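Here are a few exercises to work through with the model open. Try each one before reading its solution.

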Amino acid sequence: METSQERIIIFDTTLRDGEQSPGATLNVEEKLTIARALARLGVDIIEAGFPYASQGDFEAVTKVAGEIGTLDGPIICGLARATQADIKTAAEALKPAAKSRIHTFLATSDIHLQYKLRKTRQEVLAIVPEMVAYAKSFVEDVEFSPEDAGRSDPEFLYQVLEAAIAAGATTINIPDTVGYTTPSEFGALIKGIKDNVPNIDQAIISVHGHNDLGLAVANFLEAVKNGARQLECTINGIGERAGNAALEELVMALHVRRQYFNPFLGRPAESTEPLTKIDTKQIYKTSRMVSNLTGMMVQPNKAIVGANAFAHESGIHQDGVLKNKLTYEIMDAQLIGLTDNQIILGKHSGRNAFRSRLKELGYELNEVELNKAFVRFKDVADKKKEISDWDLEAIVNDEIRQP
Ligand code: KIV
Ligand code: ZN
């Protein structure tokens, strides 16, 4: 039997950084619905919001903390700038959680210091430990992020991180805030931190990255090879500008290629024990739910969760797959929760089958909504032989979401 081994911590920030996508604003109920799905998915930490930013965010963090932040549930995290007011408000919002984390941040790149913060390096070096210690006066679990670490002077970064850890930070998160670094640079940055921050063994190294050059996931995988053990990501990769690293891509890369990554985590290469705690079968429905509630469509060719991710169009490919799936498939669609029965709903299907398929797709409708959608479904089913998931979503979105 395999023993428990070092693994990768999944920190989901769909409800905080993900919600920072233009137009993706979520209300408190929608945030709770997504938080429930994230708990089912098995993420280790949910960053539920930025409590100081608005009353709505404060309320959402409190509600998520109270309902989802149970002893055996995920850690609930709130973001705070490195100010007393932000940190105190985050601590207040997180109170109902059994396990809570304050995530505080301050920029370290010269460009942010000069133009945004108008502070010197010395001032930053003084504020960071003071604010980490202040956060520590509320919770044990404190994460510190040097914002724009990807463009910061590494020597200065090492000093700031050392001070943050000495003041009690238990996780230090390295953000590539503007998605500027390349995989080898980002990997080298993590290695530099491991080699040069004297007290680094007292904290977990985390990474956070944006996708401006489409490199966020690749950067994270290099970071894992160099010692990062927490990955900050969002469902469908939503987030500021080009988005964040996509949870489903990271998790499936670490799953499908786990034997490649095992040695970097000190595991035997042949170990088949999963590298994360994620229940991969929940990935597809969580992706659909987040897309529906945020209104952020998933591009058809998006890795893992796009409509075409498991489709085979060319005759040569179809022929190969019919002979042996492995010819053109590196993972089974069922691994992410896609079932083979996707197209069996038709005009003879009943309400229960209809309701349960919608549930699998991430829609939890009340009785009135269900009745309305079911009438429309029967109408469409009379005209079409087979009703696909895409038809179902169109029905729900037309009938329910846009009254
Ligand atoms: O992108 C970023 O730097 C952030 C920090 C708050 C971690 O989102
Ligand atoms: Zn970010």
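**Exercise 1.** Find which residues His210 is in contact with, leaving aside its neighbours within four places in sequence.

*Solution.* Start with the cut-off: two residues are in contact if their C-beta atoms, placed from the backbone, lie within 7 Å. On that basis His210 touches Asp176, Thr177, Val178, Gly179, Ala216, Gly239, Glu240, Arg241, Ala242, Gly243 and Asn244. Before going on, note that this is a predicted model, where local features need pLDDT of at least 70, side-chain atom pairs count only at pLDDT 80 or more, and totals for chains, interfaces and linings use all residues. Residues are numbered from 1 along each chain as its sequence is written, and chains are lettered from A and ligands numbered from 1 in the order in which they are written.

**Exercise 2.** Decide whether His210 is buried or exposed.

*Solution.* A residue is buried if 20 or more other C-beta atoms (placed from the backbone) lie within 10 Å of its own, exposed if 12 or fewer, and partly exposed in between. His210 has 24 such neighbours, so it counts as buried.

**Exercise 3.** Work out which residues UniProt lists for "binding site", and how they sit in space.

*Solution.* The unreviewed UniProt entry lists Asp17, His208, His210 and Asn244. They are spread over 228 residues of sequence, yet they cluster in space, with a largest C-alpha distance of 10.2 Å. UniProt positions are in the numbering used here, feature names are shortened, and annotations may be inferred rather than shown by experiment.
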